Amino acid sequence: RCFFVWVLCPYIIFWGVLIGLVGSSPRHSFYGRKKFQSLKGGYKANYFDVETEEEYWISGCMTKGDDTLYPGIIEIDDDVRKEYWTEISGLPDRVSQASFRSEGKYSKRQPK
């Protein structure tokens, strides 16, 4: 089954955040050509890339748009953009937007 997620690599200075579909099997999750396995615990990472061992955070999308811990830009895959803006965010007027700025979960400002 596929579901929406955000994926980021916490050890890159400017965290790359993507919203897209992730496939899963009982042991692994897949995004594009990457294969992830659960870390079963970890700090700011819950999966790792099986091939490169880079750590990532994979989680469900937030409806308020605060899809990052700290302020940052989020890219939305073309194949999920319409569904993200209409069904998850409830902002169908933004369907043409391929990215947006998240104020972050720990920001004092509210997301726009």
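Select Asp-49 to begin. Asp-49 is buried, with a relative accessible area of 3%. Buried means under 20% relative accessible area, exposed means over 50%, and partly exposed lies in between (1.4 Å probe, protein chains only). This is a predicted model, where local features need pLDDT of at least 70 and side-chain atom pairs count only at pLDDT 80 or more, while totals for chains, interfaces and linings use all residues. Residues are numbered from 1 along each chain as its sequence is written, and side-chain values use heavy atoms, with hydrogens and water left out.

**Stop 1: around Asp-49**

Asp-49 sits in strand 5, residues 47-49. Strands (E, at least two residues) and helices (H or I, at least four) are DSSP runs, numbered from the N terminus. Now show the neighbours. Leaving out residues up to four places away in sequence, Asp-49 touches Lys-34, Lys-35, Phe-36, Glu-54 and Tyr-56. A contact means heavy atoms within 4.5 Å.

Keep Lys-34 on screen. Asp-49 and Lys-34 form a salt bridge, with their closest N and O atoms 3.1 Å apart. This pair links distant parts of the chain: Asp-49 is in strand 5, Lys-34 is in strand 4 (residues 34-38), and they are 15 residues apart. A salt bridge needs a side-chain nitrogen of Lys or Arg within 4 Å of a carboxyl oxygen of Asp or Glu. Is Lys-34 buried, partly exposed or exposed? Lys-34 is partly exposed, because its relative accessible area is 31%.

**Stop 2: the other salt bridge**

By this rule, the count comes to two salt bridges. Select Arg-81 and Asp-78 next. Their side chains meet in a salt bridge, at 2.2 Å from N to O. Colour the two by accessibility. Arg-81 is buried, at a relative accessible area of 15%. Asp-78 counts as exposed, at 62%.

**Stop 3**

Move to Trp-85, in helix 1. Trp-85 counts as buried, at 1% relative accessibility. What does Trp-85 touch, not counting residues up to four places away in sequence? The list is Ile-76, Gly-90, Leu-91, Pro-92, Arg-94, Val-95, Gln-97 and Phe-100. The C-alpha atoms of Trp-85 and Gln-97 are separated by 8.7 Å, and the two are 12 residues apart along the chain.

Trp-85 also belongs to a group. Select Val-17, Ile-19, Cys-61, Ile-74, Ile-76, Val-80, Tyr-84, Trp-85, Ile-88 and Phe-100: these 10 residues make up the largest nonpolar core. Strand 2 (17-24), strand 7 and helix 1 are the elements that give two or more residues to this core. Helix 1 gives the most, with three residues. Another core, of five residues, lies apart from it, and Val-22, Tyr-31, Phe-36 and Ile-58 are among them. A nonpolar core is a set of buried Ala, Val, Leu, Ile, Met, Phe, Trp, Tyr and Cys residues joined through side-chain atoms within 4.5 Å. In soluble globular proteins, nonpolar side chains tend to be buried together.

**Stop 4: the strands**

Switch to a cartoon view. Start with strand 2. Strand 2 pairs with strand 7 in the parallel sense, over three bridges. Two strands pair if DSSP finds at least two bridges between them. Find Leu-18: its bridge partner in strand 7 is Glu-75.

Strand 2 also pairs with strand 3 (residues 29-31), in the antiparallel sense, over two bridges. A hairpin of four residues joins strand 2 to strand 3. Look at Gly-23, which stands opposite Phe-30 in strand 3.

Now follow strand 7 (residues 72-76) to strand 8. These two run antiparallel, and four bridges join them. Ile-73 has Arg-101 as its bridge partner in strand 8. Which residues form the covered face of strand 8, and which the uncovered one? Phe-100 and Ser-102 are on the covered face, while Ser-99 and Arg-101 are on the uncovered one.

**Stop 5: Ser-89**

Select Ser-89, in the loop between helix 1 (81-88) and strand 8 (99-102). Ser-89 is buried, with a relative accessible area of 14%. Ser-89 touches Thr-63 and Tyr-84, not counting residues up to four places away in sequence.

**Last stop: the whole chain**

Zoom out. The protein chain has one helix and eight strands. From the N terminus on, the elements run β-β-β-β-β-β-β-α-β. Of the 112 residues, 37% count as buried. Among contacts between residues at least 6 apart in sequence, 46% join residues at least 24 apart.
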